[in-house]
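Here is a walk through the charged side-chain pairs of one protein. Have the sequence and the 3D view open as you read.

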Amino acid sequence: VLRLKYPQGYETVPEHVRLAESLEWCERELLPLLKDLPTDVQSFYGMDFARSGDLSVLWPLLKEQNLRKRTPFVLEMRNVPFKQQEQILFYIVRRLPNFLKGAHDARGNGQQIAESAAVEFGFNRIEQVMLTEGWYRDNMPPFKAALEDDTLYDIPADKDVTGDIRAFRVVKGVARIPEQRTTEKGGDKRHGDAGVALVLGDFASRQEVEIFEYHRVA
């Protein structure tokens with residue numbers, strides 16, 4: 001689990017400095033992991049967005065030949081400005097092997113980065129999800145089944161991440177994250193953010209995607 005946290009007021013630092021610092025962080029922390037990914041898999045991701053208070057979590061998934069989906073790493077971002085979240089997201093997705101589909105929590109401010117990702121990678125590849133009761137009703141059962149049959153595996157052995165996944169509760173017959181927040185070591189709040197990102201990633205991995213290619217005719 002990679003964790004990036006910027007201090008309060010970091011958004012007031014000149015943008016060119018923020019972009020340079022975030023790029024340096026990506027090349028130091030992310031690039032070695034991305035270079036180590038196998039090339040014979042399909043890639044997907046889910047992202048739960050937050051700007052302040054809660055976390056933004058980006059959860060990649062690699063679908064293998066046997067259709068099992070494993071987690072190469074999880075990225076948590078706290079108090080990271082909008083522009084840097086977009087920069088880091090694009091840095092990762094451009095380097096995922098055989099990237100097919102991503103899914104974003106597109107409620108509130110999350111709609112901005114979801115739309116930017118769709119513009120960058122294609123509206124056919126980026127699902128902009130409104131996390132309604134109906135959406136949870138349709139998508140939690142296959143997610144639960146994937147966990148139980150080990151189709152979804154290699155989830156990081158991290159107390160906060162697994163706590164987010166276990167935070168789902170059945171409310172009126174539908175599994176979802178309750179309103180109450182939890183507190184991680186250090187005192188920062190969480191709201192099931194990693195769990196939501198994983199559910200979105202699993203959802204993305206189950207969607208059909210059409211890839212259009214251009215072939216020049218002489």
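**Salt bridges, one by one**

Lys-144 and Glu-148 join their side chains in a salt bridge, at 2.6 Å from N to O. The term means a side-chain nitrogen of Lys or Arg within 4 Å of a carboxyl oxygen of Asp or Glu. This is a predicted model: local features need pLDDT of at least 70, side-chain atom pairs count only at pLDDT 80 or more, and totals for chains, interfaces and linings use all residues. Residues are numbered from 1 along each chain as its sequence is written, and side-chain values use heavy atoms, with hydrogens and water left out.

Both partners lie in helix α4, four residues apart, about one turn of the helix. Helix α4 covers residues 133-148. Helices (H or I, at least four residues) and strands (E, at least two) are DSSP runs, numbered from the N terminus. Lys-144 is partly exposed because its relative accessibility is 49%. Glu-148 is exposed, at 58%. The cut-offs are under 20% relative accessible area for buried, over 50% for exposed, and partly exposed in between (1.4 Å probe, protein chains only).

How many salt bridges does a search of the whole structure find? It finds 14. One of them pairs Asp-202 with Lys-69, at 2.8 Å from N to O. This pair links distant parts of the chain: Asp-202 sits in helix α6 and Lys-69 in strand β4, 133 residues apart. Both residues are buried.

Glu-127 also forms a salt bridge, with Lys-101; their closest N and O atoms are 3.1 Å apart. Here strand β7 holds Glu-127 and strand β6 holds Lys-101. Glu-127 counts as partly exposed, at 24%, whereas Lys-101 is buried, at 3%.
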